[in-house]
Amino acid sequence: YLENGYEGYWNAQSQNFRRNQKRIAKKVEEAGKWRMERLNCAGGTAAEDEAFARLAEIAVKGWRVKVRGEAVERRHHGFYREVVRGFAPRGMIDLSFLTIDGKDVAFTLAILERQIYWQILVAYDEKYEECSPGTFLLQQVFRALPAAGIRRIVSHGGYEYKKRWASEIVPETSVCVFSRSLRASLSHLMRVRLLPLVERMQGRPYLHQHKHP
């Protein structure tokens, strides 16, 4: 929560959290001269195309590629592009980049609506994993959000690292509606029966959660 500004959010966190963020900031500074860019995507412009190309270049160097493969990662890029094109004309897209020595190393994509920063995606170049550039970038963005009238950040996804900076965890209930076709029946089998089973076998709970700082 950012009702009391970033300073209020920072002071409400544990000493371990603050110590860890200072350690990350030091590592980023040691890696080189860093800079944050927050782009105002107007929608359908050459500048937007360039920004999206930068996003895609970072995304294919992230940890998701190691887990799922580059082809799977690139299939998601169409969705991200549609989100940008749909919300950018209304001034609701926040696309922020972190550069170190002029090189793009991380980005975060979000929708801004009703004083809420709805985070969609954060990714970083695995070569810079040691200095946690994604976490560092998020904190820099959080510092800037109160001045833009943002009072809450909502980050989707039950990832362990988000628990370290979340103020609250709100469980989400997902509802899927399937038709009676053969393809829909197979999809139902995969999503409702097999996927939770695989998640349990891998020791990971099949949960969807929102995290609120």
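1. Axes are lines fitted to C-alpha atoms, for helices over the stretch in contact, and the angle between two of them runs from 0 to 180 degrees between N-to-C directions. In this predicted model, helix α3 (residues 46-59) packs with helix α5 (residues 70-87) at an angle of about 150 degrees. The axes of α3 and α5 are 11 Å apart.

2. Angles over 145 degrees count as roughly antiparallel, so α3 is roughly antiparallel to α5. The crossing of α3 and α5 is right-handed.

3. From α3, the contact is made by Glu48, Asp49, Phe52, Leu55, Ala56 and Ala59. From α5, the residues that take part are Glu73, His77, Tyr80, Arg81, Val84 and Arg85. By class, the residues of the contact of α3 with α5 comprise 6 nonpolar, 5 charged and 1 polar.

4. Turning to the strands, β2 (residues 93-100) pairs with β3 (residues 103-113) in the antiparallel sense, over 8 bridges. Within this pairing, Phe97 has Phe107 of β3 as its bridge partner. The hairpin of β2 and β3 has 2 residues between the strands, and Asp101 there takes a positive phi near 55 degrees.

5. Strand β3 also pairs with β4 (residues 116-124), in the antiparallel sense and over 8 bridges. Here the bridge partner of Leu112 is Tyr117 in β4. A hairpin is formed by β3 and β4, with 2 residues between them. In its turn, Arg114 has a positive phi of about 50 degrees.

How values were computed: Residues are numbered from 1 along each chain as its sequence is written. This is a predicted model: local features need pLDDT of at least 70, side-chain atom pairs count only at pLDDT 80 or more; totals for chains, interfaces and linings use all residues. Side-chain values use heavy atoms; hydrogens and water are left out. Helices (H or I, at least four residues) and strands (E, at least two) are DSSP runs, numbered from the N terminus. Angles under 35 degrees count as roughly parallel, over 145 as roughly antiparallel, 65 to 115 as roughly perpendicular and the rest as oblique. A crossing is left-handed if the near helix is turned anticlockwise from the far one by less than a right angle, and right-handed if clockwise. Contact means heavy atoms within 4.5 Å. Ala, Val, Leu, Ile, Met, Phe, Trp, Tyr, Cys and Pro count as nonpolar, Asp, Glu, Lys and Arg as charged, and the others, Gly among them, as polar. Two strands pair if DSSP finds at least two bridges between them.
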